[in-house]
Amino acid sequence: MERYLNIFLVIMCFISNFLISLQNSMELDLTPKTAQPLFEGDGGGYYIWSSSQLQVLAKTNVGAGQLVLKPGGFDLPHYADSSKIGYVLEGTDGLVGMVLPKTGKEVVLKHKQGDVIPIPMGAISWWFNHGDSNFSIIYLGETSTAHIPGEFTYFFLNGLQGLLESFSSELISKVYNFNNDEVTKLTQSQKGHAIIKLEKDQPMPKPQLDLTKDFVYDIDAKVPEVEAPNGGLVATLTEKDFPFIKDVGLSVIRVKLEPNAIKAPSNLITFGIQLIYIARGSGKFEIVGLNKTCVLDSLVKVGHLIVVPQFFAVAQIAGDEGMESYSIVTTTKLLFEELAGNTSVWGALSPLVQQVSFNVDSEFQNIFISKATKNTNLIPPTY
């Protein structure tokens, strides 16, 4: 009997903590924010959404950052305390080198606009813009292992922020069997910070094109799961399509809405947080949470970051120029419940249940179900 009582208490404690977590999520400010510069230099810059600026990031353990490399920009080798997904916003001639944990070898990959690149926690990576125009990539990830919840912390191997430069000269001398001059050259030759600019004729490793399909996925070219004329499209990327994404424990969703189109409300019904970045266009987001409270009703634009707490319902309305967003969900098992469209829950519930739930007669229920399930969850504008 005591054993069952203990199990019951554990379950009740879990439910209580879960409800408190949801309540905290409801009370958080979900207002969309843009990134602020962390570092800017000749080679480019890195921009972040700080957890102090957007507190919901820390509460939900998700984070984001944006790397912009100018032509010749080189992001020095580093690793991070969180797993994340990179999506290339612009640029056609980028290179990334990665040394994945326990592999002991570097893979060099070419990437361009539309490409998704998972970066597992602890992987060593460097990034280089080999093109003649800016190269920009947005990182979205999960931060439950981070030193600062809601933010990525990077550890650089060399440069003014490098790990080697912070160890004693005596230790470096013994580790690498170097004399004092060699230690100085190793630890003090690189005067740059995180991002530097290389000379135009600087040789760099050639990309291993035969490995691209294993580590890079062009989500912009993926056949969408849902598409509607004048409405838009929805494409999802999970381990089923791209096995490497399993290494970061995340999924990716691309939503492209045509001008003034709507993505009907939906909610994630598995555990997970959705972190959405507005890549192009503008529009409006509405999010409804606990106790039927509308926790967000806000205009959004390029560069805005939106957090959708677990189980909250979200709808998107595109502006006159349309709207395109990319998001990560902190699960590899995506399962959404749609509140409109031919796959919505209304098509599954019996007519009698609908009638008593809405307190309407059968005639109105027939009108409702014929309209609610007529098309997809992407609704074109009506003029």
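How many salt bridges does a search of the whole structure find? In this predicted model, the search finds 13. The chain holds seven helices and 23 strands, and its C-alpha trace spans about 90 × 65 × 35 Å along the principal axes. Of its 383 residues, 47% count as buried. Residues 24 or more positions apart account for 74% of the contacts with a separation of 6 or more. The chain exposes about 19,500 Å², and carbon and sulfur atoms supply 56% of that area.

An α-helix has 3.6 residues a turn, so residues three or four places apart point the same way. Lysine 174 is exposed, at 63% relative accessible area, and glutamate 170 also counts as exposed, at 54%.

A second salt bridge joins the side chains of glutamate 225 and lysine 222, with 2.4 Å from N to O. Here glutamate 225 is partly exposed at 44% relative accessibility, whereas lysine 222 counts as buried at 10%. The value for lysine 222 falls in the buried class because that class takes in residues under 20% relative accessible area.

Lysine 333 forms a salt bridge with glutamate 239, and the closest N and O atoms of this pair are 3.9 Å apart. Lysine 333 sits in the loop between β21 and β22 (336-338) and glutamate 239 in the loop between β15 and β16 (251-257), so the pair ties together parts that are 94 residues apart in sequence. Lysine 333 is exposed at 55% relative accessibility, while glutamate 239 is partly exposed at 22%. Elsewhere, Asp220, Arg254, Arg280 and Glu324 are linked in a network of salt bridges.

Helix α3 also takes part in a nonpolar feature of the surface. Leu157, Leu163, Phe167, Leu171, Val175, Tyr176 and Leu186 form a nonpolar patch with about 580 Å² of accessible area together. With three residues, helix α3 (residues 169-176) gives the most to this patch. Leucine 171, which is found in α3, is partly exposed with a relative accessible area of 38%. The loop between α3 and α4 (180-188) holds asparagine 177, whose phi is near 55°, a positive value in a residue other than glycine. Asparagine 177 is exposed, at 69% relative accessible area.

Asparagine 230 likewise is not a glycine and has a positive phi, of about 65°. This residue is found in the loop between β14 (226-228) and β15 (232-237), where asparagine 230 is exposed with a relative accessible area of 57%.

Two strand residues give a view of the interior. Serine 327, in strand β21 (residues 313-329), counts as buried at 4% relative accessibility. A polar contact of 3.1 Å joins its side chain to that of glutamine 274. Beyond neighbours up to four places away in sequence, serine 327 touches several residues, including Leu140, Val252 and Ile276. Asparagine 267, placed in strand β17 (residues 262-268), is also buried, with a relative accessible area of 14%. Leaving aside neighbours within four places in sequence, its contacts are Phe311, Phe312, Ala313, Leu335, Phe336 and Glu337.

Finally, glutamine 53 lies in the loop between β2 (44-48) and α2 (56-60) and is partly exposed, at 24% relative accessible area. A polar atom of its side chain lies 3.0 Å from the backbone oxygen of threonine 34. Not counting residues up to four places away in sequence, glutamine 53 touches Lys33, Thr34, Gln36 and Ile48. The C-alpha atoms of glutamine 53 and glycine 104, which are 51 residues apart along the chain, are separated by 38 Å.

Notes:
Residues are numbered from 1 along each chain as its sequence is written. This is a predicted model: local features need pLDDT of at least 70, side-chain atom pairs count only at pLDDT 80 or more; totals for chains, interfaces and linings use all residues. Side-chain values use heavy atoms; hydrogens and water are left out. Patches are made of residues with over 30% relative accessible area and no salt bridge: like charges are joined within 9 Å, nonpolar side chains (Val, Leu, Ile, Met, Phe, Trp, Tyr) within 5 Å. Accessible areas come from the Shrake-Rupley method with a 1.4 Å probe; for residues, only the protein chains shown count as cover. A salt bridge is a side-chain nitrogen of Lys or Arg within 4 Å of a carboxyl oxygen of Asp or Glu. Helices (H or I, at least four residues) and strands (E, at least two) are DSSP runs, numbered from the N terminus. Buried means under 20% relative accessible area, exposed over 50%, partly exposed in between (1.4 Å probe, protein chains only). Contact means heavy atoms within 4.5 Å. A polar contact is a pair of N or O atoms within 3.5 Å; within protein, one must be able to donate a hydrogen and the other to accept it, and residues adjacent in sequence count only if both atoms are side-chain atoms.
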